[in-house]
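Colleague: I'm new to reading protein models. Could you walk me through one, feature by feature?

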Amino acid sequence: MIYQDSKTLLDVQGLRATVNGIEILKGIDLTIRSGEVHAIMGTNGSGKSTFAKVLAGHNAYQVTGGSVTFEGNNLFDLEPEERARAGVFLAFQYPIEIPGVANSHFLRLAYNTVQAQRGREELDPLEFEDFVREKMKLLEMNPDFLDRGVNEGFSGGEKKRNEILQMALLEPRLAILDETDSGLDIDALRIVTSGVNHLASKDNAIVLVTHYQRLLNYIVPDYVHVMESGRIIKTGGKELALDLEMRGYDWVGAERRAAAGA
Amino acid sequence: MSAVLQNLVNQPYKHGFVTKIESDVAPRGLSEDTIRLISAKKNEPAWLLEFRLKAYQQWLKMEEPKWPNVKYPQIDFQAISYYSAPKPKQKLSSMDEVDPELLRTFEKLGVPMHERAALAGVAVDVIFDSVSVATTYKQKLAEVGITFCSISEAVQMHPDLVKQYLGTVVPVGDNYYAALNSAVFTDGTFCFLPKGVKCPMDLSTYFRINTEESGQFERTLIIAEEGATVSYLEGCTAPKFDTNQLHAAVVELVALDNADIKYSTVQNWYAGDENGLGGIYNFVTKRGLAKGVNSRISWTQVETGSAITWKYPSCVLQGDNSVGEFYSVAVTNHYQQADTGTKMVHIGKNTRSTIVSKGISAGHSNNSYRGLVKIAPTAAGARNYSQCDSMLIGDQCAANTFPYIQVRNHSAKVEHEASTSKIGEDQLFYFAQRGIGNEEAVSMIINGFCKDVFQQLPMEFAVEATKLLGFKLEGSVG
């Protein structure tokens with residue numbers, strides 16, 4: 001939701017990044033204020049997921065130009081784990097399996113790390129168990145998932161729920177959800193998105209990276225951005241997503257090229 | 001491999017210091033004279049000298065094994081000193097009389113004997129180079145009829161028992177290094193549990209090679225009579241030298257009817273530096289004979305040290321319904337080489353064995369699992385389950401699995417599972433994105449991978465092993 005006088009959380013100016021020497025991001029400008037929900041849409045290969053990973057600090061990508069500030073500080077001064085502790089959260093498109101590491105152990109360590117950073121109380125395993133079970137209810141998750149390996153043998157939908165569970169635990173300032181809707185059936189989509197809506201507040205912001213308008217029926221964005229070839233080529237309100245759903249992506253690029261030619 | 005991972009694995013060896021104590025070192029070289037010297041120094045009975053000489057004669061005819069998947073320069077057996085003992089000022093009657101320098105060494109190793117013995121309730125038979133210098137809890141164990149002492153002492157005090165069992169599980173000519181050990185072994189541990197005795201505490205020995213270029217040839221013999229049970233812990237660290245040191249131990253376990261022996265090892269000998277210079281050659285023969293019905297022999301090992309490890313703790317399941325277990329974590333880094341595994345030889349009916357092996361390779365190291373499951377025609381209803389998992393850290397290391405399965409009884413059931421995984425950038429990134437740094441992430445991933453084995457370790461050993469893996473692999477992932 002757009003609030004009056006809300007603070008700028010993330011400010012991206014002219015961001016460029018490469019992977020293996022190939023430029024993927026070619027100058028992204030984007031400003032996100034707290035309380036807002038942004039959707040980033042675009043075709044495969046337009047750079048949406050790369051943008052998400054660059055913000056989170058994946059070391060396969062090299063930032064070659066531009067600047068990003070997060071709550072006024074240079075984001076690139078921070079290591080990936082420091083960004084996470086500062087409140088940048090990425091829900092993975094393909095959550096990673098960590099065999100043998102109990103989910104409860106992993107969740108508690110992540111939770112306590114972030115709590116410590118914020119000068120808040122850490123929880124011992126018993127306290128955490130009660131705490132996390134409450135959060136799991138929000139996502140209609142079976143407590144059995146605490147005892148399994150992190151994402152080990154989880155179905156696609158279970159992995160995505162586990163991602164949003166982590167978001168619920170870590171209470172990020174900026175949550176980037178990378179194709180969280182992919183691979184979800186209607187029921188799972190409803191549960192996951194209601195979890196996200198529950199977590200949205202005027203103090204945080206959410207970025208939805210998605211192909212499909214479908215997700216945006218559940219989480220209503222304030223802004224919709226269209227990416228093509230590593231740039232944001234169009235920004236609009238939630239109705240832009242409906243346009244895209246009906247007309248596809250091609251017209252956006254054509255419109256832009258026409259404007260550039262005129 | 002990223003710099004972060006590299007740093008994690010490349011933490012310097014923490015136990016690399018030399019204790020300055022006058023050593024009584026035999027001249028270098030191996031001959032019948034050397035063996036006679038060792039035997040005379042130890043005041044041994046004639047039968048033991050014969051045992052040694054017989055082994056030596058066999059050894060002369062044998063060839064160094066070439067089949068392990070390890071490479072090292074030819075060992076010059078004439079360049080090794082076969083006997084080294086700290087010079088005792090006088091006979092020690094209490095811990096207070098132990099050389100303070102020696103005690104400080106153990107403290108550096110994190111083994112304060114008084115505290116460890118008293119607080120942890122662990123009896124520690126400390127082997128310093130080749131001679132036992134202190135034995136605690138001996139009295140307490142003696143009260144329940146358990147003999148726990150150095151093998152030299154056992155030779156003097158219980159010669160009949162030693163004579164009855166020595167070399168019965170690992171014959172003198174079993175293999176090249178076992179023959180060498182049988183010829184020149186200087187000390188080790190002896191443990192005898194009479195019928196029906198359950199050992200009231202975990203028994204523990206800390207080994208430590210101290211004199212440069214003194215090969216250490218320990219000999220351990222554990223006997224559990226009918227219905228006896230014991231858990232034995234062996235922890236090893238060694239100081240740092242640039243020349244390779246040979247360590248060729250032999251461990252023999254005998255379990256009679258319904259007896260249960262659990263043998264746990266955490267081995268962290270000096271592995272050589274990051275360029276592969278120095279380190280211990282650990283060529284060890286460990287074997288347990290589950291001789292009686294319903295007996296059980298269980299090996300758990302965490303092998304993180306040594307330049308080269310060549311070790312196959314094995315079980316000969318002779319008694320009907322006997323059980324053999326092997327739980328192993330082998331970690332190699334830099335230029336370390338490990339060829340380790342087990343042999344499960346099923347002879348009795350309904351014998352069962354379990355093998356769980358976890359190999360972790362980092363740096364330029366080479367880590368092989370080699371295991372034999374052999375079902376004899378007599379072993380009706382025998383069962384084996386083997387699981388061999390490898391984890392790679394970085395892209396310069398190697399992992400191999402060599403399972404040998406020989407089944408000669410059609411009612412036997414043998415299962416083998418294997419997997420290979422890699423600690424990837426993506427796993428580390430996932431942890432980092434949740435606020436968890438690389439070091440902690442690697443430690444968690446590794447401990448998760450090894451969980452099935454660590455669960456088998458006694459509590460305090462499990463804690464130690466977890467920490468050990470942590471600093472062993474620091475800097476190797478990223």
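Colleague: Let's begin with strands. In which sense do strand β1 and strand β2 of chain A pair, and over how many bridges?

Modeller: First, the ground rules: this is a predicted model, where local features need pLDDT of at least 70, side-chain atom pairs count only at pLDDT 80 or more, and totals for chains, interfaces and linings use all residues. Residues are numbered from 1 along each chain as its sequence is written, while chains are lettered from A and ligands numbered from 1 in the order in which they are written. Helices (H or I, at least four residues) and strands (E, at least two) are DSSP runs, numbered from the N terminus. Two strands pair if DSSP finds at least two bridges between them. Here, β1 (residues 8-19) and β2 (residues 22-33) of chain A are antiparallel, with nine bridges. For one bridge, look at L15(A), whose partner in β2(A) is I28(A).

Colleague: What is the strand order in the open sheet of six strands in chain A?

Modeller: That one goes β6-β9-β10-β3-β11-β12, with mixed pairing. Its edge strands are β6 and β12 (231-236) of chain A, each pairing on one side only.

Colleague: Where in chain A is confidence lowest, and where is it highest?

Modeller: Check pLDDT, the predictor's confidence in each residue, from 0 to 100. The lowest mean in chain A is 85, in helix α9 (residues 250-261), and the highest is 98, in strand β6 (residues 88-91). Chain A as a whole averages 93, and 100% of its residues score at least 70.

Colleague: How many residues of chain A are in contact with chain B?

Modeller: Two residues are in contact if their C-beta atoms, placed from the backbone, lie within 7 Å. By that rule, 21 residues of chain A meet 17 residues of chain B. On the chain A side, α2 (80-86), β7 (98-102) and α3 (103-117) are the elements giving two or more residues.

Colleague: What about chain B itself: how many helices and strands does it have?

Modeller: Chain B has 12 helices and 23 strands. Of its 478 residues, 57% are buried. A residue is buried if 20 or more other C-beta atoms lie within 10 Å of its own, exposed if 12 or fewer, and partly exposed in between; C-beta atoms are placed from the backbone.

Colleague: Is H334(B) buried or exposed?

Modeller: H334(B) is buried because it has 22 C-beta neighbours inside 10 Å. H334(B) is in the loop between β17 (323-332) and β18 (337-346) of chain B, and has a positive phi of about 50° although it is not a glycine. N294(B) also isn't a glycine, and has a positive phi of about 55°. You'll find N294(B) in the loop between β13 (279-290) and β14 (296-303) of chain B. With 18 other C-beta atoms within 10 Å, N294(B) is partly exposed.

Colleague: Which residues touch the most other members of the largest nonpolar core?

Modeller: A nonpolar core is a set of buried Ala, Val, Leu, Ile, Met, Phe, Trp, Tyr and Cys residues joined through C-beta atoms within 7 Å. The largest has 189 residues, and those touching the most other members include F89(A), I176(A) and V230(B). Helix α11 (residues 438-454) of chain B gives the largest share, nine residues. Leaving out residues up to four places away in sequence, V230(B) touches several residues, among them C191(B), L203(B) and I261(B).
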